[in-house]
Amino acid sequence: MLCDSCKQNEAVVHRIVVINGQKNERHLCAKCAEAAGSVAFKLPSFAELMNVSFKSAEKEEEAACECGMTLSRFRESGLLGCPKCYEIFREELMPVIERSQGGRHQHMGTRPVMDAPALTELEKRREELRVAIEQEDYEQAARLRDAIRALEAKA
Amino acid sequence: MISIQSDHIILSCRVRLARNLKDRPFVNSQSGEQAEAVLQDVNTLFPAEKGYRFLRMDALPPLSRSSLVENHLCSPELVACGQSGLILNEANTLSIMLNEEDHLRIQGILPGLDLPGAYALCREADETIAKDLPYAFDSQLGYLTACPTNLGTGMRASAMLHLAGLALTGQAEPLLSRISKLGVAVRGFYGEGSGAPGHIYQISNQYTLGMQEKELMEALSSIITQLAAQEARARGLLLTRRPLDLEDMIGRALGVCRYARKMGIKECMQELSAIKLGISLGLLPCPMERIDELIVACQGAQLSNTPLSEEEESTARANRLREALKDL
């Protein structure tokens, strides 16, 4: 099909405008379409597209800790905002931690002296759950998970 | 082979524990009131009656703050923070930095290589605090710190080494880059980002998670001891193979220090490094402590009670060196 305007080049832009039920078709070549200005002929680049989609995805997923810390802020400063950040972002942080700690991910050193206020029931169960998962004792883990849920519901 | 006193190579050692208080935001996210609470809560556990000194950074003039850094009592980062503080014991072997990157940075510093001794100092303070103020702790990740590179034990053990022999024989750089692959970090005289003036290097453990404190210290001690042995060997080689060059260099360094009228810090560290080398090899009759004290005494903030221009500073430094070394 030839361009409606110059009648010389192959039409590549096909515009169909419907106004009050009246259908109006127009077929233009690239040059005439650009000159007419009616069509945004230039497609956004791949990078632009990706950038947009990244941004919107980030906006949707950006979770924040109660201290206000987000993962993108952490990536900028390298610092977390409070102890709770390690709970909220644990999944995302573990690869970072392992990389910076030579592949290690389990604390082996001393623990705070236990003269300090004892762990709460919930904290104790959470620790036990972590150990159970580590030891692949999934029956015990399931029991603990239920106990934790019950405690959390109470709290 | 010539014997070299090990403390002529391993100058000092340090253990640092990073801790944060439970249920409180880390330093970078806390409010002014919360920062104040950290200062007060910890300060009350280390009373003046027991010989502790408490210094508030915002109450100290800039020169006194720089002086603390030059004496290795706290980090340059601490003095840059607003609402931060420092607790020191009588002997200045224990220092607790408050509101640096973490709520607490407990440091033990001792001469030579005595990491268990420095750790014991830290641990005592650590337990004192933990009895009253619960720490942010996680059974998997250990002590929780603002930066994940300090997780687990929160422990950074280090030693300050004078590696002039290795540097002069061109072995320092390749050797240090090799050991940095063994989970060891190499830094300059004043920690992260500072150069290594006077061939003084700080060697510390890179990883803090997944090993016991004792293991970390033993692994580091073993690397440091081997490095010190290499340094002793390099010094011995210089003395037997290039005695004239060595004496020439040391003589020139002494000459510059005794007669110069202006001296920048970089040159000063370089000359004092050569003099230290000369003393350790028995070529100069002078107690080593005198030069070690002089190294600190020649840092910027030690030279005057009032801020100096660059020219005044280099003049004051040259005067101090002339005076200290006139009988050598």
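Two residues are taken to be in contact if their C-beta atoms, placed from the backbone, lie within 7 Å. The structure discussed here is a predicted model.

Q: Against which elements of chain B do the buried residues of H4(B) pack?
A: Helix H4 of chain B covers residues 115-132, and its buried residues are Leu115(B), Ala118(B), Tyr119(B), Leu121(B), Cys122(B), Ala125(B), Asp126(B) and Ile129(B). They cover an arc of only 155 degrees around the axis, which puts them on the same side of H4(B). The elements of chain B against which these buried residues pack are strand S1 (10-19), helix H1 (32-43), strand S4 (94-98), strand S5 (104-111), strand S8 (155-162) and helix H7 (213-241).

Q: Which residues of S9(B) form its covered face, and which its uncovered one?
A: In a regular strand the side chains alternate between the two faces of the sheet. In S9(B), which spans residues 184-187 of chain B, the covered face is made of Val184(B) and Val186(B), while the uncovered face is made of Ala185(B) and Arg187(B).

Q: How many of the residues of S10(B) are buried?
A: Both faces of S10(B) are covered, with Ile200(B), Gln202(B) and Ser204(B) buried on one side and Tyr201(B), Ile203(B) and Asn205(B) buried on the other. The strand is therefore described as mostly covered, a residue being buried if 20 or more other C-beta atoms lie within 10 Å of its own. The number of buried residues in S10(B) is 6 of 6.

Q: Which helix supplies the largest share of the side of domain 1 of chain B that touches domain 2 of chain B?
A: The domain assignment of chain B gives domain 1 (6-233) and domain 2 (243-325), whose centres, taken over C-alpha atoms, are separated by 27 Å. Contacts join 13 residues of domain 1 to 17 residues of domain 2, and on the domain 1 side helix H2 (62-70) and helix H5 (164-168) of chain B each supply at least two residues. That side divides into 4 nonpolar, 8 polar and 1 charged residues. Its largest share, 4 residues, comes from H2(B).

Q: How do the residues of the side of chain A that touches chain B divide into nonpolar, polar and charged?
A: Chain A has 7 helices and 2 strands, and 31 of its residues are in contact with 34 residues of chain B. The elements giving two or more residues to the chain A side are helix H5 (90-100) and helix H6 (121-134) of chain A, with the largest share, 4 residues, coming from H5(A). The residues of that side divide into 15 nonpolar, 11 polar and 5 charged.

Methods:
Residues numbered from 1 in each chain as written. Chains lettered and ligands numbered in written order. Predicted model: local features only at pLDDT ≥ 70, side-chain atom pairs only at ≥ 80, totals over all residues. Expected span 1.5 Å × (residues − 1). Buried ≥ 20, exposed ≤ 12 C-beta atoms within 10 Å, placed from the backbone. Arc of directions from axis to C-beta. Domains from an automatic or database assignment. Nonpolar A, V, L, I, M, F, W, Y, C, P; charged D, E, K, R; others polar.
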